[in-house]
Amino acid sequence: MDPTPDLPEPAEPAGTAVSGGAAVPGDPEADQAPHRVPEISSLGLDTLVTEVAERLQSAAAVTDRMQRLLEAVVSVGSGLDLHATLHRIATGAAELVDARYAALGVIAPNGHGLSDFIHVGVDDAVAARIGELPVGRGILGALIDRPEPLRLAELGADPRSYGFPPHHPEMKTFLGEPIRIRDEVFGNLYLTEKKGGGAFTPEDEQVVHALAAAAGVAIENSRLYEEGRRRERWIAGAAAVTTALLSRDEAEIALTVAAEQVRELADAALGMILLPVADEDAGTVRMRVAHASGEAAEFVRGELLPPDSFAARLLDGESVHLDDMSTDPTVVIRLARSFGPSLAVPMVAARRVLGGLCVWRPRGAQPFTDGEKQLAETFASQAALALRLAEGQRDQQRLAVFQDRDRIARDLHDLVIQRLFATGMMLEGAARRAVVPEVKVRIGEAVDELDATIQEVRTTIYALQHDDHGDAPDTLRTRVLRECSQTAAALGFKPSVSFVGPVESLVGEKTGRQLLAALREMLSNAARHARASRVGVEVDATVHLDDDGRPVGGDPESLDRGGRPGVLLTVTDDGIGIPEGGRRSGLRNLTRRAEALGGDAWHEPGPYGRGTRVRWTARL
């Protein structure tokens, strides 16, 4: 077989070009140089597609975050309760940046430390083991001192870190943002431990900053709402006190209502109404706790405040407030050191101090704000005006009573006494003409009775025209003195009276009423049966009683022996004593009154073997 000869490659015709593997006739570029189209993979389209996808995902993430931010903004502004609003802010911030823990610290009014701390992510059991909430030290304090956004990748590495108490969850990453209300820093938002282990990003900081701006508006709305509610309560309380003062005959009851109202309105543990009284020993005016409501009220009621206490400034028309009485060196009242913040405002009407309002909060409570001080001053002014009007009403009523008493006294003097005197003259004339001696004796006895009646009527006239107790405060002490004075006409002399201990502040209203009833009956029995020339009355509020209502001693150690505080009323006379087999109905009445109050009543011979001593007790 002949071999095939090598033939040359056929030449491409002139004037052709390659395009897609085929020659295109007439292409001018084909005459210059050959050209090939690059492969698709060499154009970088995979990178472009990946970048577009990433940007689409980023846009979707931003859209999702913006949607979550809008939802959080709507959520924090959906309520008006301040504490609930703060909790929603902390919860929304944690969800926005995927933080495991969140907290919101409210800065104290004085700008130092935290007054409130709302936390999210730490359950109640863990919080109970941790103990006290943060007060604003370390990183939290740094954010208070310098209210600017703070982002840390390692919380413990910062030199300002204060550390964590035992049982506290581990926290590394940190993001802090101040919450402002206008130009005031209300508090700080704290976020820790980003889920996934990463650090908080600048985008997280921007989102939290936006939420903090919306939170400031929501907090301001909540504060304005609560301020309006608080003002409404104070106005309603002032109206209730005014109504009580103007509608009640006894101002004492109305002022007791005022003490209760001001204590509740101020969220205080103790509320007091102070009234000025004259200190005859020192020749000055001092403040007395006329009414008290709340904790330790029974210990302060009726007490005269020291002249070097805040009461002196109240008498000058000046308000007094302390952030913490337990640590303030100017506090001179021992009981006050058991309380915390205090507020005292004068009750001024027509440029005259009629009294004062005073409220004490428990130790550790929040100090009174400027708004609360203004509300208390407005309440005191309203109460003072109502008290002034009530005084005018009582003065008119008292004037009407005095006018009636003067008229009755004139009628008794001009009519009754004159007729009794004329009747006595007629009887004396008839006695001179009587023949039977027995008739003369009986007529003489009748004349003597008329003389005694005339003397009693004159005593009544004097009492009607001279009211020694009209301006005195209606305390238990004055009522006891009044009972003794009214019995003087029946006894023929005025009993001696003595008091032991702070009777007004220790003996309550219910016990006081029963004590006065017992005193009235004991004095009545002495006037009718004792034939005494002397009667002594003693009210002792320092005794302690056993289970049977009998005194076990007046020293404080008697409480350790089972004694309970009580009051002892003793009436002693130097009369003929109680005969054997005599009636005991009066003593039975005394016993029933005492037993109803956990006490007892009994009688015994007088101190020198003469007369009778009757004792009556009641528990306090």
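This is a predicted model: local features need pLDDT of at least 70, side-chain atom pairs count only at pLDDT 80 or more; totals for chains, interfaces and linings use all residues.
Visitor: Is Arg361 buried or exposed?
Guide: Arg361 is found in strand S12, residues 352-362. Its relative accessibility is 6%, and a residue under 20% counts as buried. Therefore Arg361 is buried.

Visitor: Which residue has its backbone oxygen 2.9 Å from a polar atom of the Arg361 side chain?
Guide: The backbone oxygen lying 2.9 Å from a polar atom of the Arg361 side chain belongs to Ala266.

Visitor: Which strands are at the edges of the open sheet of 5 strands?
Guide: The strand order is S4-S3-S7-S6-S5, with antiparallel pairing. An edge strand pairs on one side only.

Visitor: How many bridges join strand S6 to strand S7?
Guide: Strand S6 covers residues 174-181 and strand S7 covers residues 184-194, and the two run antiparallel. In this pair, Ile181 stands opposite Glu184 in S7. The number of bridges joining S6 to S7 is 8.

Visitor: Which helix packs on the sheet with its direction at about 145° to that of S7?
Guide: Helix H2 (residues 82-96) packs on the sheet, touching S3, S4, S6 and S7, but its direction makes about 50° with that of S4. Another helix, residues 138-145, touches S3, S4, S5, S6 and S7. The one at about 145° to S7 is helix H4.

Visitor: Which element gives the most to the largest nonpolar core?
Guide: This core has 32 residues, and Val480, Leu569 and Trp616 touch the most other members. Among the elements giving two or more residues are helix H11 (476-491), strand S16 (564-573) and helix H13 (509-530). With 8 residues, the element that gives the most is H13.

Visitor: How many residues are in the second, separate core?
Guide: Its members include Ala268, Ala290, Phe379 and Ala383.

Visitor: How many disulfides does the structure hold?
Guide: A disulfide is a covalent bond between the sulfur atoms of two cysteines. Cys358 is buried, with a relative accessible area of 1%, and Cys484 is buried at 1% too. The number of disulfides in the structure is 0.

How values were computed:
Residues are numbered from 1 along each chain as its sequence is written. Side-chain values use heavy atoms; hydrogens and water are left out. Two strands pair if DSSP finds at least two bridges between them. Helices (H or I, at least four residues) and strands (E, at least two) are DSSP runs, numbered from the N terminus. Contact means heavy atoms within 4.5 Å. Axes are lines fitted to C-alpha atoms, for helices over the stretch in contact, and angles run from 0 to 180 degrees between N-to-C directions. A disulfide is a pair of cysteine sulfur atoms within 2.5 Å. Buried means under 20% relative accessible area, exposed over 50%, partly exposed in between (1.4 Å probe, protein chains only). A polar contact is a pair of N or O atoms within 3.5 Å; within protein, one must be able to donate a hydrogen and the other to accept it, and residues adjacent in sequence count only if both atoms are side-chain atoms. A nonpolar core is a set of buried Ala, Val, Leu, Ile, Met, Phe, Trp, Tyr and Cys residues joined through side-chain atoms within 4.5 Å.
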